[in-house]
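Open the model in your viewer and keep the selection tool at hand. The stops below tell you what to select and what is there.

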Amino acid sequence: METVGKKALKAGTWYTICTFILKGLTFITTPIFSRLLSEDALGSYANYAAWVTIIASIATLDLYTSVNLAHYEYEGDIYPFMSSILIFGSLVAGGFYAISLIFTDFVTDILGISEYMMHVMFIYFIVSPAISILHAKFRIFLQYKYTLITSLLPAIFSVLTAVLMVVLAEDEGKLNARVTGYYGVWIAASLAIYVYVVVRGRCFRIEYIRFAIPVAMPMIIHTLANTILSSSDRVMIKKMCGDRETAFYSIAYSCAMIVSVLWHSINQAWAPWCYEKMHRNEEADIGKVARPIILLFSGGVMMVILLAPELLFIMGGKKYAEAIYVVPPVMLGYVAQMLYTLYVNIEYYHKRQKQIMIGTMIAAVINIVLNLIFINMFGYAAAAYTTLAGYIALLFIHYSFVRKMGKQGIYDMRFNLLVLGGSIAVGVIMSLLYKVNVVRYIIIGGITVFVVIFVYRRRKALKACLKKKDIVGMLQVCHLMGKE
């Protein structure tokens with residue numbers, strides 16, 4: 001019989017794998033849709049997806065974030081609580097939908113979407129929280145198999161359906177076909193789970209609502225600000241430049257998805273390990289292991305920047321070649337994001353969610369203001385640099401918060417700034433090599449040889465990690481590297 005520790009470890013590993021696959025699906029399908037859709041249609045969909053992400057937290061209130069605490073507050077069957085917040089969330093989303101129906105022309109004009117796309121969006125908001133709420137329950141009880149089934153199946157079918165519908169649609173209907181194919185499957189899956197949760201809970205109690213709202217509100221603001229920081233670029237480019245430019249920016253951004261998935265997967269394993277070390281007052285170990293991780297991740301980002309021309313061709317084809325110089329600042333943004341996340345993990349462990357929220361809000365405002373100034377001056381490519389500036393601002397903001405907590409010694413800020421500054425300098429130099437392919441290929445070849453030798457020399461340690469079937473094991477390899 002599995003111990004709780006082993007079950008938690010296995011669950012964490014499978015959640016990471018699931019997240020990797022889900023994000024990987026978007027990465028894999030981007031080259032398909034970039035060739036099936038026109039530049040304008042691709043830009044319109046990117047704008048639509050950004051608005052869905054931005055509005056979701058407000059329209060649904062992110063009530064699923066309260067399930068974890070409710071499990072301890074209301075011992076016993078959690079389904080009555082889940083049923084109550086699900087119905088209430090639907091009523092809130094339905095209220096927003098009713099308002100949008102009254103002011104349809106205003107809403108569609110502000111968002112830059114069609115009336116049909118607006119209907120799909122709000123229907124999605126009404127039922128989609130069902131999946132998030134059920135997944136929160138699965139995580140509490142470490143029921144990772146159910147999470148995998150209810151995550152991967154809709155994701156795979158939504159992508160396949162969207163591709164099929166776009167292929168079969170006429171040119172003028174391809175945008176709606178993609179929206180219908182993707183969100184239609186998620187709406188159907190959410191509706192099925194919605195019915196299951198409500199039938200199982202059979203409850204709508206105001207007491208549960210009063211508990212859920214104060215818990216969810218701080219995270220709504222944090223999630224919204226974080227979403228604005230990561231997604232507002234496409235919305236503002238759509239408004240200030242047009243659909244074509246939004247498409248170019250989105251394709252360049254999709255090249256960085258591989259880096260995003262990599263860091264998300266690393267942090268899924270890194271954060272719990274850090275929490276355990278802080279709990280045991282073994283904070284010195286965190287800094288030792290962090291250094292090689294920071295260097296390895298930054299090195300991976302540099303490699304992706306070098307390969308940007310090839311990645312951009314794969315993701316969009318020759319017609320998106322002019323977006324090549326957007327890729328480096330987007331990639332460098334993930335280096336800054338990786339560094340500030342290290343400090344966020346410390347804040348989160350010490351229950352400083354409010355200051356995490358404040359930091360994200362400040363960075364979001366900085367990003368929007370810089371976008372308003374520089375997109376008008378330099379075009380859509382400026383949005384990549386303003387996002388990088390926002391992430392760098394977050395690094396200093398969260399460092400200052402951690403410093404006030406007296407925990408700044410866990411990580412070496414001078415080392416982190418040296419890595420960030422070096423990455424930016426190297427990234428700029430590498431972008432200058434896009435027109436000198438011979439030199440670029442020699443560098444890529446040299447790095448590849450180095451990686452092969454590195455893996456060969458540490459093959460035993462890596463093999464041991466694979467046997468454990470746990471990403472946390474990779475930290476041990478990094479730790480060994482740090483001791484050398």
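**Stop 1: a surface patch**

Select Val365, Val369, Leu372, Ile373, Met377 and Phe378: together they form a nonpolar patch on the surface, with about 590 Å² of accessible area. Patches here take residues with over 30% relative accessible area and no salt bridge; nonpolar side chains (Val, Leu, Ile, Met, Phe, Trp, Tyr) are joined within 5 Å, like charges within 9 Å. A salt bridge is a side-chain nitrogen of Lys or Arg within 4 Å of a carboxyl oxygen of Asp or Glu. Accessible areas come from the Shrake-Rupley method with a 1.4 Å probe, and for residues only the protein chains shown count as cover.

This is a predicted model: local features need pLDDT of at least 70, side-chain atom pairs count only at pLDDT 80 or more, and totals for chains, interfaces and linings use all residues. Residues are numbered from 1 along each chain as its sequence is written, and side-chain values use heavy atoms, with hydrogens and water left out.

Ile373 sits in helix H16, residues 353-378. Helices are DSSP runs (H or I, at least four residues) and strands likewise (E, at least two), numbered from the N terminus. Ile373 counts as partly exposed because its relative accessibility is 39%. The classes are buried (under 20% relative accessible area), exposed (over 50%) and partly exposed in between, with a 1.4 Å probe and protein chains only.

**Stop 2: helix H15**

Select residues 327-349. Is H15 largely enclosed or open? Of its 23 residues, 21 are buried, so the rest of the structure largely encloses H15. Check its length too: at 1.5 Å a residue, H15 should span 33 Å, and its end C-alpha atoms are 33 Å apart, which agrees. The expected span is 1.5 Å times one less than the number of residues. After H15 comes Lys351, with a positive phi near 60 degrees.

**Stop 3: Ser423**

Go to helix H18, residues 413-432, and find Ser423. Ser423 is buried, at 4% relative accessible area. Beyond neighbours within four places in sequence, Ser423 contacts Ser298, Met302, Leu332 and Val335. Contact means heavy atoms within 4.5 Å.

**Stop 4: Tyr74**

Select Tyr74, in the loop between helix H3 (67-73) and helix H4 (79-102). Tyr74 counts as buried because its relative accessibility is 16%. Which residues does Tyr74 touch, leaving aside neighbours within four places in sequence? They are Phe81, Glu207, Tyr208 and Phe211. Tyr208 is 134 residues from Tyr74 in sequence, with 9.2 Å between their C-alpha atoms.

**Last view**

Zoom out: the protein chain has 21 helices and 0 strands.
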